Amino acid sequence: FIQMLRSAKKRDVLQLLRRAPEEMLPFIMEAAVAAQSVASLAALSDFLDFNKKPNSLLEKFLYAAAFSPQPSGQLLRLVLDKLDGKQLAPEVQETGILAMGSLIGRLCQQKLCGLQEVERGVETILRSLRDAEEESEVVIYLLALGNAALPETIPTLLDHAEEGPTMAATAAISALRRFPAQHISSKVKQAMRRIFHKKRKSCEKTCRLAAAEILLDKEPLPMDVINILLAANELETEMATFLLLKVQNSLYAHHHPARKIMKDIMGDPRINNYNLFSKAGISSSFSGPLTVTRDLVSTFGLDLLFLEGGFLRKSVSDFSLLSHEQQLHAAQVTIEAQGMESMLGENVLEGEEEPELMAGMSAIFFDVQLRPIIFFQGYTDLMAKVLLSSGEPTSVVKGNLLLMDHHQVIPLQSGFQVAIKLQGGLGLDIAADMDVSIWEQELKTSINARGSLAIDFQAELDSPFLQATLRSQTEVETSVQFDTMLRFSSSPVLMCLQLREEQIPYR
């Protein structure tokens, strides 16, 4: 369908969009974004009216743009023009800002950072970040900078990581974690040390742990590893347990960049001893390989951070691909519940600000940060959701994406030429749900991910007297459901984790 659209005229694409049945329209629009011909983008520009179209359709357009494997300056210009100066629904505005960041990052990967559209996009995000008054707005602009991953924005991220309120600081640190190790300079590491060791101000525990993870994961220095391990003695039980398990994980993971340093440090009995590693918390951190080949390692990781009273503070499930020292977050889903301490009668640590009662989720797919979803914010909202819960899961992302788009002509020694085309498309449907029962004292979370991948490969030899074509088509479907259930009415807390994977059909 994409190949057909690439040879279509603007009026034909526009007619398709205007006459399509409602259930087919998202598919045609996603294909028009993926085609990225001058005609298809011009048709989309005429068709999309951000003041009138339903929000779900506009979000689909923006996500299709964000995931584009090789975007053009014209696609970024279309997104910028559609967002510029309009009063939009908050979810469309936020999705648009994150899509802008992703497009900027992908254009810069193609060595197109000098494009006028890229400069305009970066200036738009930085200016809006300076002008933002609400913390929720600041968070979105910081996450957009994480999608773009431009080294020149690191000072801005550091400023918010050290000086910003809790949610903004956490967003800034998570954006910094997405930069390759070569951009995590001594200045960045110095700031992370200040945050973790609380040198300037008292930071919330998730901020401190995120700062420690940057120090442990990005070309770690032996001094930092030792200081983090020694600091674990002074931390509350759950934080200490989580950190120590992080260090042990990197020791067992063959692909981890810190493995050799960890092994050397663990040879010192002053550090590697029962007194330090016997923290008896219920928090956990696990990472292990799913697939290992000569060129690729795919891993599954699960982090669970609990409060001292046994309530789940944060869970992160991560599917990553590592190849030739490059890492791709295929899927990372984070569920957070904050401010529960006061509900459970726990005391907030001295010097820490008490966070607002809130639960939400954020996700990264194929290195694109999606719009965070709030399950509830504030006690009144929580009670309304508990009493009026529909039981329906919240859709995170649903649609069809072009992941691979490669065209190459290879000259052979015989003088002939072979034209190679490779396209890969992904159909994705991710939904998540969180259910809090105050009376039963239970917390349930559920993440359901369904996907289908189709890859089309064609090699064509064309000469005056000989024609040959080799074609291969591959399809694979998968479904993964990850559930957690916590019952905190008694001590110890009862916890059930379940990861279900359906049979994978492969054609």
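Predicted model: local features only at pLDDT ≥ 70, side-chain atom pairs only at ≥ 80, totals over all residues.
Student: Let's start inside. How many residues does the largest nonpolar core have, and which have the most contacts inside it?
Tutor: That core has 148 residues. Those with the most contacts inside it are Leu44, Phe61, Ile104, Met192 and Leu229.

Student: Take Leu229. What does it touch, leaving out residues up to four places away in sequence?
Tutor: Leu229 touches Leu244, Val247, Ile265, Met266, Ile271, Leu276 and Phe277.

Student: And the rings? How many aromatic pairs does the structure hold?
Tutor: There are four aromatic pairs. One of them is Phe50 with Phe61: the ring centres are 6.2 Å apart and the planes sit at 90 degrees, so this pair is edge-to-face.

Student: Why does 90 degrees make Phe50 and Phe61 edge-to-face?
Tutor: Because planes over 60 degrees apart count as edge-to-face, and the planes of Phe50 and Phe61 are at 90 degrees.

Student: Are Phe50 and Phe61 buried or exposed?
Tutor: Both Phe50 and Phe61 are buried. Phe61 is also among the residues with the most contacts inside the largest nonpolar core.

Student: Switching to charges on rings. Which residue lies over the face of Phe196?
Tutor: Arg208 does, at 5.5 Å from the ring centre of Phe196.

Student: OK, helices. How do the axes of α4 and α6 cross?
Tutor: At roughly 5 degrees, and the axes come within 11 Å. Helix α6 covers residues 73–83. That angle makes α4 roughly parallel to α6.

Student: Which residues meet between α4 and α6?
Tutor: From α4 you have Val38, Leu41, Leu44 and Ser45; from α6, Gln74, Leu75, Leu78 and Lys82.

Student: Where does Lys111 lie?
Tutor: Lys111 lies in the loop between α7 (90–109) and α8 (116–131). Lys111 is exposed, with a relative accessible area of 74%.

Student: What about phi of Phe366?
Tutor: Phi of Phe366 is near 45 degrees, again a positive value in a residue other than glycine. Phe366 is in the loop between β5 (358–365) and β6 (368–369).

Student: Staying with β5, is Ile364 buried or exposed?
Tutor: Ile364, in strand β5, counts as buried at 6% relative accessibility.

Student: What is Ile364 in contact with, leaving aside neighbours within four places in sequence?
Tutor: Ile364 is in contact with Arg178, His329, Ala330, Ala331, Gln332 and Gln369.

Student: And how far apart in space are Ile364 and Ile504?
Tutor: Their C-alpha atoms are 23 Å apart, and the two residues are 140 residues apart in sequence.

Student: Next, Leu466. Where is it?
Tutor: Leu466 is in strand β11 (residues 466–487). At 36% relative accessibility, Leu466 counts as partly exposed. From Leu466 to Gln190 the C-alpha distance is 64 Å, with 276 residues apart in sequence.

Student: Which helix holds Gln248?
Tutor: Helix α15 (residues 237–252) holds Gln248. Gln248 counts as partly exposed, at 24% relative accessibility. Gln248 and Leu235 are 13 residues apart in sequence and 17 Å apart in space, C-alpha to C-alpha.

Student: Last one, Glu23. Which loop is it in?
Tutor: Glu23 is in the loop between α2 (10–19) and α3 (25–35). At 65% relative accessibility, Glu23 counts as exposed. The C-alpha atoms of Glu23 and Thr95 are separated by 22 Å, at 72 residues apart along the chain.

Methods: Residues numbered from 1 in each chain as written. Heavy atoms only, no water. Core = buried A, V, L, I, M, F, W, Y, C linked by side-chain atoms within 4.5 Å. Buried < 20%, exposed > 50% of the residue type's maximum accessible area, 1.4 Å probe, protein only. Contact = heavy atoms within 4.5 Å. Phe/Tyr/Trp six-rings, centres within 6.5 Å; stacked < 30°, edge-to-face > 60°. Lys NZ or Arg CZ within 6 Å of the ring centre and 35° of its normal. Axes fitted to C-alpha atoms, helices over the stretch in contact; angles between N-to-C directions. Helix = DSSP H or I, 4+ residues; strand = E, 2+ residues; numbered from the N terminus. Parallel < 35°, antiparallel > 145°, perpendicular 65-115°, else oblique.
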